[in-house]
Amino acid sequence: MSGGGRIPRLVIAAPSSGAGKTTVATGLMAAFAEAGLAVSPHKVGPDYIDPGYHCLATGRPGRNLDAYLCGPDRIAPLFLHGAAGADLAVVEGVMGLFDGASGMGELSSTAQVAKLLRAPVVLVVDASSQSRSVAALVHGFASWDPEVRLAGVILNKVGSDRHEALLREAMESSGVPVLGALRRDRRAGTPSRHLGLVPVAERRAEALESVRELAARVREGCDLTALLALARTVPELPDAPWDPSAEVRADASGDRPVIAVAGGAAFTFAYAEHAELLTAAGAEVVPFDPLRDEQLPAGTRGLVIGGGFPEVYAPDLSANAPLRAAVARLAASGAPVSAECAGLLYLSRAIDGKPMCGVLPAEARMTERLTLGYREAVALADNALAAAGTRVRGHEFHRTVLEPGAGDRPAWGLTHPERRVEGFVTGGVHASYLHVHWAAEPSLAARLVAGAARQVPAAAP
């Protein structure tokens, strides 16, 4: 078990999306975990779904490292917090190695995170349609930014023994070692949906089998000994680990209000640090499943409903009328409610005609258009989540449209890359499409808990 800032670590990157980063990263995590190592899983960017597979592979929470949402200075501290006590950390990249926030240089790219972590990069290359050209491709990536240590290559989608031999021969002159070669194999695929992979919570049995298959493929095709040795060559990080208890303070009275957090298959998008901040701020965090539970947890005085795919489960969510009524009662009481994206839709009147909680005067419907990208926003007025003037960076990621898109009191005023108002503030409810990482603005968690502490627990119906 490693301590301090010298946790062995690898960053798994690729020249572009679709090369097999998730396959390799998840397989490596599972293979090392099955070998008895404590493996800490991480994902560059705002992705919520890959960390679910990482958690399944390692038994530890998948952690996001997003320099746009949280700022570059928080990347190493958040990493050290998540990887505490681990023997190895594996960081899955996002998109291509050097792709970052649009128009903002390297910000939020895998390359930037690798530099901030002082971690070696292993490049996963889709070799299915090339032989000698693979060496030119790797040479270009290795020489593009001398501060990025491209220390190895894993060849993916290799067609045959002959193909592998040609690739390895070409790579001999590149100066970058080949640390693995994986054959084309569709058996270990993970099903996709309009926003990426299907979340683990929706297919746990199949996901477990997929992860086991990925581990077997990686053990067979990769040099795990060399990869672990590479991970151990890292220098110590000088940063102190991020500490939620240092970011927020609990009420000295000892009152711990219950804050219910939606989970289950319909609400799978959540950053692990959010629950940690709520707990540090003095809340008792209690999960519940809107697909199964007919009432909120006993004594609920605040509610967090994150992202997910409520449109997929709209009939089942709608059928749970007792819980919809309980959520509406809690919102009407003035209790603080934070709803992001899927939570926003769940609080609406309906999704594709299926009745929801009816807290917001709006209806949602699926569309063919994907709304995706980073946003900058400001709180226009005091509300249960943010004080007026609070500036945040967030991320939108949905194929639904809410009509109207904003209430008389919007949740946020977006300032970049476009200017518009968005979301709803009504009573204690703050509902928005915007996903925000609270580690960048811990006052959001503290404010929510303080509001919950002022509430009188509602009596059960």
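Reader: What do the buried residues of helix 15 pack against?

Author: In this predicted model, they pack against strand 10 (258-262), helix 11 (272-280), strand 12 (300-305), strand 13 (337-340) and strand 22 (435-436). Contact means heavy atoms within 4.5 Å. Helices (H or I, at least four residues) and strands (E, at least two) are DSSP runs, numbered from the N terminus.

Reader: Which residues of helix 15 are buried?

Author: Leu444, Ala445, Leu448, Val449, Gly451 and Ala452, in a helix that covers residues 443-453. Buried means under 20% relative accessible area, with a 1.4 Å probe and protein chains only.

Reader: Why are they on the same side of helix 15?

Author: Because they cover an arc of only 160° around the axis; the arc is that of the directions from the helix axis to the C-beta atoms.

Reader: Switching to Trp438. What does tryptophan 438 touch?

Author: Leaving out residues up to four places away in sequence, its contacts include His274, Val304, Glu340, Leu444, Ala445 and Leu448.

Reader: And the sheet, what is the strand order?

Author: The order is 11-10-12-13-21-20, in an open sheet of 6 strands with mixed pairing. Two strands pair if DSSP finds at least two bridges between them.

Reader: Which are the edge strands?

Author: Strand 11 (284-288) and strand 20 (424-426), each pairing on one side only. Strand 20 runs antiparallel to strand 21 (residues 429-432), joined by 3 bridges.

Terms used: Residues are numbered from 1 along each chain as its sequence is written. This is a predicted model: local features need pLDDT of at least 70, side-chain atom pairs count only at pLDDT 80 or more; totals for chains, interfaces and linings use all residues. Side-chain values use heavy atoms; hydrogens and water are left out. Buried means under 20% relative accessible area, exposed over 50%, partly exposed in between (1.4 Å probe, protein chains only).
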